[in-house]
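Colleague: I would like to go through this structure with you. Please show me the terms and the values behind them.

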Amino acid sequence: MERVFPTSLLTSAKEESIKMRKLLPGFIKPDSLRNYVGVMDSIAREHLETHWECGGRDNIVTVLPLVKKFTFAVACRLFLSIDDPVHIARFDKPFRVLAAGLLSVPVDFPGTRFNRAIKAADSIRREILEIIRRRKSVPTATIVDRRDILAHMLTTPDDNGNFMSELDITDKIVGLLIGGHDTASIVITFIVKYLSELPHIYDKVLEGERLLSVRSLRCYTG
């Protein structure tokens, strides 16, 4: 992790954890989440229409790879306001190499998974740094209007009034992408599995009888 995330060498794991706990509540508070529900719903509908409704060969879809594609698209949109499918696809390839390399034997030798992960991390970091610098070139009010986690990090100082460095923001976003990607994908995959095994529940979901209320959303985040 230290090789992949250089800024982690500057502070202890405890300090990093405290920093993130202070930073994220402003992004995931109920009022903010309400704004994201419509965006996530739109991405989900488009994803289902594009990748699921055709059914693939023999009318069968393989859930986990498609769900990973979906969760990554949501993360790119909410974290960085990236919604161009071509841009997401270009961003996705090195990310998958990085995620695989973090679970490999940490031998930094050409051709190893770990070596490819370090190179992929550098590529992702350059991409995000470019996005950050483009974002910082516009007025602050315009940055805030984006309402993504990058805007939150760029405009939220710490307790001492200091703002995060560009490299620190980059590593935090990469860490969030990795931390949320597989976990969310696996949960959604199991939901699909259980719905397929419980057709009476599936029918109710399909009819829209299970709705997530704002009250339950507050309970979940509180």
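**Terms and values**

Modeller: Let us start with Glu 166, which is partly exposed at a relative accessible area of 22%. Keep in mind that this is a predicted model.

Colleague: Why is Glu 166 called partly exposed?

Modeller: Buried means under 20%, and exposed means over 50%. Glu 166 has 22%, so Glu 166 is partly exposed.

Colleague: What makes the contact of Arg 133 with Glu 166 a salt bridge?

Modeller: The closest N and O atoms of Arg 133 and Glu 166 are 2.9 Å apart. The cut-off is within 4 Å, so the pair counts as a salt bridge. Arg 133 lies in helix H6 and Glu 166 in helix H9, so the pair ties together parts that are 33 residues apart in sequence. Arg 133 is partly exposed too, with a relative accessible area of 49%.

Colleague: Why can such side chains pair at all?

Modeller: Side chains of opposite charge can pair when their charged atoms come close.

Colleague: How do you know that Arg 134 forms a salt bridge with Glu 130?

Modeller: Check the distance again. The closest N and O atoms of Arg 134 and Glu 130 are 3.0 Å apart. That is within 4 Å, so this pair is a salt bridge.

Colleague: How far along helix H6 are Arg 134 and Glu 130 separated?

Modeller: They are four residues apart in helix H6 (residues 113-136), which means about one helical turn. Arg 134 has 45% relative accessibility and counts as partly exposed. Glu 130 is also partly exposed, with a relative accessible area of 45%.

Colleague: What makes Glu 197 and Lys 193 a salt bridge?

Modeller: Their closest N and O atoms are 2.8 Å apart. The limit is 4 Å, so Glu 197 and Lys 193 form a salt bridge. The two residues are four residues apart in helix H9, separated by about one helical turn. Glu 197 is partly exposed, at 45%. Lys 193 is partly exposed, at 36% relative accessibility.

Colleague: How many salt bridges does a search of the whole structure find?

Modeller: The search finds 11 salt bridges. Some form a network, which links Asp 122, Arg 125 and Asp 171.

Colleague: Why is Arg 126 called exposed?

Modeller: Arg 126 has 55% relative accessibility. Exposed means over 50%, so Arg 126 counts as exposed. Arg 126 is found in helix H6. Arg 126 and Leu 167 are 41 residues apart in sequence, and their C-alpha atoms are 9.6 Å apart in space.

Colleague: Is Ser 81 buried or exposed?

Modeller: Ser 81 has 14% relative accessibility. Buried means under 20%, so Ser 81 counts as buried. Its place is in the loop between H4 and H5.

Colleague: What is the phi of Ser 81?

Modeller: Ser 81 has a positive phi of about 60°, although it is not a glycine. Most residues other than glycine have a negative phi.

Colleague: Which residues make the nonpolar surface patch?

Modeller: Leu 64, Ile 186, Phe 190, Tyr 194 and Leu 198 make the patch, with an area of about 440 Å². Helix H9 (residues 166-197) gives the largest share, three residues.

Colleague: How do you know that Ile 186 has enough accessible area for the patch?

Modeller: Patch residues need over 30% relative accessible area. Ile 186 has 40%, so Ile 186 passes that cut-off. With 40%, Ile 186 is partly exposed. Ile 186 lies in helix H9.

Colleague: What lines the second largest pocket?

Modeller: This pocket has a volume of about 460 Å³. It is lined by 18 residues, and Glu 46, Ala 73, Asp 83, Pro 85 and Ile 88 lie nearest its centre. Helix H3 (30-52), helix H4 (63-80) and helix H5 (85-101) each give two or more residues to the lining. H3 gives the largest share, seven residues.

Colleague: What classes of residue make up the lining of the second largest pocket?

Modeller: The lining has nine nonpolar, four polar and five charged residues.

Colleague: How many helices and strands does the protein chain have?

Modeller: The chain comes to 11 helices and zero strands. Of its 222 residues, 33% count as buried.

Definitions and conventions. Residues numbered from 1 in each chain as written. Predicted model: local features only at pLDDT ≥ 70, side-chain atom pairs only at ≥ 80, totals over all residues. Heavy atoms only, no water. Patch = residues over 30% accessible without salt bridge, like charges linked within 9 Å, V, L, I, M, F, W, Y side chains within 5 Å. Areas by Shrake-Rupley, 256 points an atom, 1.4 Å probe, with all protein chains shown as cover. Salt bridge = Lys/Arg side-chain N within 4 Å of Asp/Glu carboxyl O. Buried < 20%, exposed > 50% of the residue type's maximum accessible area, 1.4 Å probe, protein only. 1 Å grid on protein atoms, 1.4 Å probe; cavity = no way out; pocket = protein on both sides within 12 Å on 5 of 7 lines; lining within 4 Å. Points joined across faces, edges and corners; volume = space filled by probe spheres on them. Nonpolar A, V, L, I, M, F, W, Y, C, P; charged D, E, K, R; others polar.
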